[in-house]
Amino acid sequence: MATGESRDWAATLRACRHPRVLVMLFFGFSAGLPLLLIFSTLSLWLREAAVDRSTVTYFSWAALAYSFKFVWAPLVDRLPLPLLTAWLGRRRGWLLLSQLSVIGAILWMAFTDPAESLYLMAFAAVLLGFSGATQDIVIDAYRIESAEQELQALMASMYIAGYRVGMLVAGAGSLKLAAWFGAEGGYYYSAWQWTYLCMAAVMCVGVLTTLLVAEPKVDPARPGVFHGASDYVRFLLLFLLAVAVFAASFFLSRDLVGATKADWLAALPGDALLAGFVLEGARLLLALLLAWLAARLGVALGLVRGEVLREAYLEPLADFFRRYRRAALLVLLLVGLYRVSDIVLGVIANVFFQDMGFSKDQIADISKTFGLVMTLLGGFLGGVLTLRYGVMRILFLGALLSAATNLLFLLLARGGADVSLLMLVITADNLSAGLAGAAFVAYLSGLTHVAFTAFQYAMFSSLMTLAPKLLGGYSGTLVDAFGYERFFLFTAVLGLPVLLLIYLASRFSDAE
């Protein structure tokens, strides 16, 4: 991987002050805010509302939109929006729409008490996940198109820093606000309502940035991007058809899955975990299959021209498989499983800290604020080591440390509410996560072809969280079945196959 020509410190500092680089700090903040509001922060709200652990971790599936965003990435890339595109341009129009949708979803959550309307909260969380993932797609495209190649690394670094600050506000900031508006030791819906109202207001940072920045200059002669208005409408209708079929089949199959699970347990008592995992997994796969069949039917009926789909989906995929040939599946497997160990644990981390007896303030100060500093430090260390020793070696080291540090949670599970031990665990866990993340971003960047950056980057970033988040939805069920200590051991073991995949992928890289 090329590192580019070296610069002196003065030139580097001048580049850091470039307007396009600074803009990415604010866009990163806007992108980092929604995720934790449907991930760890929402899990604490639901837990305080007396929602059981299994249901709490199922809510992490609301973030699955981030894992499927490649599906509608071509739509976002091509579809002009009425009024907004003419007013702001192609990228800024979609940015404003997605940000307003994020604000609307957060407001919906704020005015929904999960103790009374759990289903309404689920729909609001899904909308927030979809809106946040759409914003990510547009920001990635904006970053790539708005500046020359030599600024891309600095823009990405600034974006990641802003993203982490946004996560800090949505994580530690939300917990601080919930504690301030309410009180420790009880459930106060109004405290969480005001917290989420504040988060909706904070999203205005992204809206103002979108309104103030300039639209990136894209060569209008770029081939294969622009189609007639009818193609846009048909593409949108096909996407909406697939989404409707998926949602209908997934939610309508709930009672069938419940009845089948009851029959299973009647025949084989004690297999509740296995029954839930198999049946819920089959339910999701069935919904995906029916959505795909609906899309195929729409294409067969002429709803979308074949050349539009080939350009949007098949050409970027064909390029990837042409370049990696027999190793393509190995690479995709590595991308899909690299973060499995830390994501599966991360789904239930806040619930674990609360169950151990730590207060919201302690969780916010140590896990979120102090943890952010350790993650940024780990990211800097990972970047330096990657440049010095190469991507694959640090990729291996990051995966090894991520799996090993999960074992430290065993000590915390046995030690109880020990603040010093919590700081040790958070330090090791976040340092390793930052190091692994830096190496992994470098690896993904090397996989992407410049001609298909938008779709391939969306595909890789979607794939890297799909399997971990699917499995993470069962974290609460696993803890209920085995307890925290065995669960943490399980998450550490999950990281071992990743080491083998990295070894095999590095052998392929050496052979090239």
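Let me start with aspartate 342, which forms a salt bridge with arginine 339, the closest N and O atoms being 3.7 Å apart. By salt bridge I mean a side-chain nitrogen of Lys or Arg within 4 Å of a carboxyl oxygen of Asp or Glu. This is a predicted model, in which local features need pLDDT of at least 70 and side-chain atom pairs count only at pLDDT 80 or more, while totals for chains, interfaces and linings use all residues. Residues are numbered from 1 along each chain as its sequence is written, and side-chain values use heavy atoms, with hydrogens and water left out.

Back to the pair. Aspartate 342 is partly exposed, at a relative accessible area of 23%, and arginine 339 is also in the partly exposed class, at 29%. For these classes, buried is under 20% relative accessible area, exposed is over 50%, and partly exposed is in between, with a 1.4 Å probe and protein chains only.

How many salt bridges does a search of the whole structure find? The search gives 4. One of them joins glutamate 485 to arginine 414, with the closest N and O atoms 3.1 Å apart. Glutamate 485 sits in helix α24 and arginine 414 in helix α20, residues 408–415, so this pair ties together parts 71 residues apart in sequence. Helices here are DSSP runs of H or I, at least four residues, and strands are runs of E, at least two, numbered from the N terminus. Glutamate 485 is partly exposed at 32%, whereas arginine 414 is exposed at 62%.

Lysine 69 and aspartate 136 make another salt bridge, the closest N and O atoms being 4.0 Å apart. The two belong to distant parts of the chain, 67 residues apart: lysine 69 is in the loop between α4 (53–58) and α5 (73–78), and aspartate 136 is in helix α8. Are these two residues buried or exposed? Both lysine 69 and aspartate 136 are buried.

Helix α8, residues 118–145, also supplies the largest share of a nonpolar surface patch, 3 residues. The patch consists of Trp108, Tyr119, Leu120, Phe123 and Phe251, with about 480 Å² of accessible area together. Patch members have over 30% relative accessible area and no salt bridge; like charges are joined within 9 Å, and nonpolar side chains (Val, Leu, Ile, Met, Phe, Trp, Tyr) within 5 Å. Areas come from the Shrake-Rupley method with a 1.4 Å probe, and for residues only the protein chains shown count as cover. Tryptophan 108 is in helix α7, residues 90–110, and is partly exposed at 33%.

Next, a helix pair. The axes of α23 (residues 475–482) and α24 (residues 484–494) come within 7 Å and cross at roughly 130 degrees. That makes α23 oblique to α24; angles under 35 degrees count as roughly parallel, over 145 as roughly antiparallel, 65 to 115 as roughly perpendicular, and the rest as oblique. Axes are lines fitted to C-alpha atoms, for helices over the stretch in contact, with angles from 0 to 180 degrees between N-to-C directions. Ser475, Leu478, Val479 and Phe482 in α23 meet Tyr484, Arg486, Phe487 and Phe490 in α24, contact being heavy atoms within 4.5 Å.

Isoleucine 366, in helix α18 (residues 360–389), is buried at 9%. Beyond four places in sequence, its contacts are Gly371, Val419, Leu422, Met423 and Ile426.

Last, the chain totals. The protein chain has 25 helices and 0 strands, and 52% of its 512 residues count as buried.
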